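Hi everyone, thanks for coming. Please have a look at the structure on the screen, and then I'll walk you through a few parts of it.

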Amino acid sequence: MQSNRELFETYNKDVYRTCYYMVHDAADAEDLCQEVFITVFRSKWEDVKYPRAWIMKIAVNNCLNHLKRSRSLQKKVTGNLDLWKNQTETTVERTIEQKETAREWGGYMSGLPAKIRAVLTLRYMHDFSLAEVSEALSIPVGTAKSRLHKGLKLMKDILQEAGFEDEERRKEYYEQTGKYIEASTK
């Protein structure tokens, strides 16, 4: 049986990353992360069968509620994003390139509806299975599949509009961003 501290240490980075990816603001993500764990600790989390999926469900729901309250999503998306894996040693040029790529990717993601963005975030950022996405968002698996399919189609359209229709450019962007572009162009 885990203690509250162990539970927090196990999931806090995933929760923060999810919140940050959803709201694109470090301060809001920290606040949301704190709210998630307050909710978790006040409930009977020990009785939950799949704590990771349950905690991510709380995190995504808090983020969606926050986004509903906040009408300045576009402003937050264009802010400073640091979504990609941190490398232990990066050059100044690489750091700038990563921030520009993350900002560009955040702009593309902002073109998606929040519910679809939530499915893509859980599926590709956290490697959730469709069943886990379904559980986390309290939607049927078929709805999760539908939103995933629609999200990937929308991302493909967005990326084509941005000039990623040629294979060489997609490959170059893939090397910078990882699996997201790969999934978006299939």
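Let me start with a question: does Met109 count as buried or exposed? Met109 has 3% relative accessibility, so Met109 counts as buried. Buried here means under 20% relative accessible area, exposed means over 50%, and partly exposed lies in between, with a 1.4 Å probe and protein chains only.

Before I go on, a word on the background. This is a predicted model, where local features need pLDDT of at least 70 and side-chain atom pairs count only at pLDDT 80 or more, while totals for chains, interfaces and linings use all residues. Residues are numbered from 1 along each chain as its sequence is written, and side-chain values use heavy atoms, leaving out hydrogens and water.

Back to Met109, then. You'll find Met109 in helix α5, residues 92–109. Leaving aside residues up to four places away in sequence, Met109 touches Tyr21, Arg117, Leu120, Thr121 and Met155; contact means heavy atoms within 4.5 Å. Met22 is 87 residues from Met109 in sequence, yet their C-alpha atoms are 9.4 Å apart in space.

Now the whole protein. There are 10 helices and 0 strands, where helices (H or I, at least four residues) and strands (E, at least two) are DSSP runs numbered from the N terminus. Of the 186 residues, 42% are buried. Among contacts between residues at least 6 apart in sequence, 64% join residues at least 24 apart.

Next, a pair of helices. α3, residues 51–69, packs against α7, residues 130–137, at an angle of about 55°, and their axes are 7 Å apart. Those axes are lines fitted to C-alpha atoms over the stretch in contact, and angles run from 0 to 180 degrees between N-to-C directions. α3 and α7 are therefore oblique to each other: under 35 degrees counts as roughly parallel, over 145 as roughly antiparallel, 65 to 115 as roughly perpendicular, and the rest as oblique.

Who meets whom there? Ala53, Lys57 and Val60 in α3 meet Glu135, Ala136 and Leu137 in α7. The residues of this contact divide into 4 nonpolar, no polar and 2 charged. Ala, Val, Leu, Ile, Met, Phe, Trp, Tyr, Cys and Pro count as nonpolar, Asp, Glu, Lys and Arg as charged, and the others, Gly among them, as polar.

Last stop: Pro140, in the loop between α7 and α8. Pro140 counts as exposed because its relative accessibility is 52%.
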